Amino acid sequence: MKEFLESILHQNIELQDYKAGVKLPLTLSVSFDLYTLSISGQDFLLARPKEEVGLVELRRCYHRLQQLTGQNCALYLKDLKAYPREKMIEEGIAFIWEGHQVYLPFLGYVLKQDEARPLQSYDSVSFLTQKLLLTCLYEAWEDVNATEAARQLNVSKMSITRCLDEIESMKIPVMKKKGKSRLVSCIGSRKEMWERISAYMRNPLLKEYYLENDLASEIAGNTQSTKLYKSGNSALTEYSMLEDNPYQTYAVTKRQIGDLDIKEKRQVPKGEIPGCVVQELGYMIPFSDKMAVDPLTVALLLEKEREDARVDFAIDAMLEEHVW
């Protein structure tokens with residue numbers, strides 16, 4: 001705390017525990033670490049929340065502390081998202097955001113350590129972020145930065161930066177900071193890594209097409225055709241002893257939907273056995289020499305089918321043999 005302030009203010013400061021001139025309510029004294037901070041001979045109260053506190057409660061406590069102590073007050077925050085930061089500046093609520101910004105309007109200080117962008121809030125990971133996390137697991141990444149991740153996933157560095165924003169915002173425990181760099185690593189064994197990230201994963205299925213004819217037969221004579229990778233239950237049979245459905249299930253990306261004219265092909269009525277099923281997925285990850293989607297994506301696709309004991313056993317066997 002003291003080191004950060006002195007580095008950004010370029011002057012010595014005095015920081016000591018707050019010795020209450022007035023007795024504060026228990027809710028305030030228990031919820032905050034309180035200090036007296038002296039900058040250029042001017043004293044004010046510095047309040048650091050002991051736990052994460054929402055904007056409404058921060059605002060209430062901030063004004064209450066100023067009212068009870070008769071002193072200017074600033075909040076000392078380790079994490080600060082875009083919306084509360086903007087509202088506090090708008091309302092003139094003084095704060096120090098550790099490692100990023102000092103906003104002390106009563107002293108005329110509005111300083112930034114760097115131009116760090118406030119992180120957007122995310123409800124779920126994007127498919128590119130999911131692909132990044134699974135690739136990190138499969139390849140056992142160790143301290144991979146944005147540039148290297150972009151190279152390995154063959155996307156732009158800006159795209160990876162957005163992925164890292166998601167990971168940081170959602171506090172997915174795979175990233176650490178070194179200076180200004182954010183580094184992603186496979187933590188522990190692959191199985192331990194999966195236990196860390198599985199709660200953030202989503203089913204990659206976007207849409208299914210139940211085609212009248214087998215797509216592989218239609219394109220067999222075209223040497224320029226896109227290679228078809230098995231998906232769903234068909235992929236699981238590639239990795240295990242499970243018997244497949246009487247039809248094949250294939251995986252394609254959004255671009256391949258257009259290239260293969262999938263939407264123009266005849267589909268069977270609901271309830272009839274199709275020639276094949278085409279699954280449009282949010283991402284594809286090369287895996288081994290199998291012509292099938294990667295095992296963890298298979299597990300995500302078949303999560304509901306795990307109610308069938310045979311499928312559940314086959315998935316566990318697949319992961320044990322090919323991933324863990």
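Among contacts in the protein chain between residues at least 6 apart in sequence, what percentage join residues at least 24 apart? The share is 62%. The legends below describe views of a predicted model.

View 1. The protein chain has 324 residues. Its secondary structure consists of 13 helices and 13 strands. Along the principal axes, the C-alpha atoms fill a box of roughly 85 × 40 × 35 Å. The radius of gyration is 27 Å, whereas a compact globule of 324 residues would have one near 20 Å.

**View 2. Helix α1 and its buried residues.** Helix α1 covers residues 2–9. Within this helix, F4, L5, I8 and L9 are buried. Viewed down the axis of α1, the buried residues fall within an arc of 110 degrees, so they line one face of the helix. An α-helix has 3.6 residues a turn, so residues three or four places apart point the same way.

**View 3. The residue that follows helix α1.** H10 comes after α1. The phi angle of H10 is positive, near 60 degrees.

**View 4. Surface and burial in the protein chain.** Of the 324 residues, 44% count as buried. The accessible surface of the protein chain comes to about 17,900 Å². Carbon and sulfur atoms account for 46% of that surface.

**View 5. Charges of the protein chain.** The protein chain carries 41 positive and 48 negative charges. The mean position of the positive charges and that of the negative charges are 5 Å apart.

Methods
Residues are numbered from 1 along each chain as its sequence is written. This is a predicted model: local features need pLDDT of at least 70, side-chain atom pairs count only at pLDDT 80 or more; totals for chains, interfaces and linings use all residues. Side-chain values use heavy atoms; hydrogens and water are left out. Buried means under 20% relative accessible area, exposed over 50%, partly exposed in between (1.4 Å probe, protein chains only). Helices (H or I, at least four residues) and strands (E, at least two) are DSSP runs, numbered from the N terminus. The arc is that of the directions from the helix axis to the C-beta atoms. The radius of gyration is taken over C-alpha atoms; the globule rule is 2.2 Å times the number of residues to the power 0.38. Contact means heavy atoms within 4.5 Å. Accessible areas come from the Shrake-Rupley method with a 1.4 Å probe; for residues, only the protein chains shown count as cover. Lys and Arg count as positive and Asp and Glu as negative; His and the chain ends are not counted. The place of a charge is taken as NZ of Lys, CZ of Arg, CG of Asp or CD of Glu.
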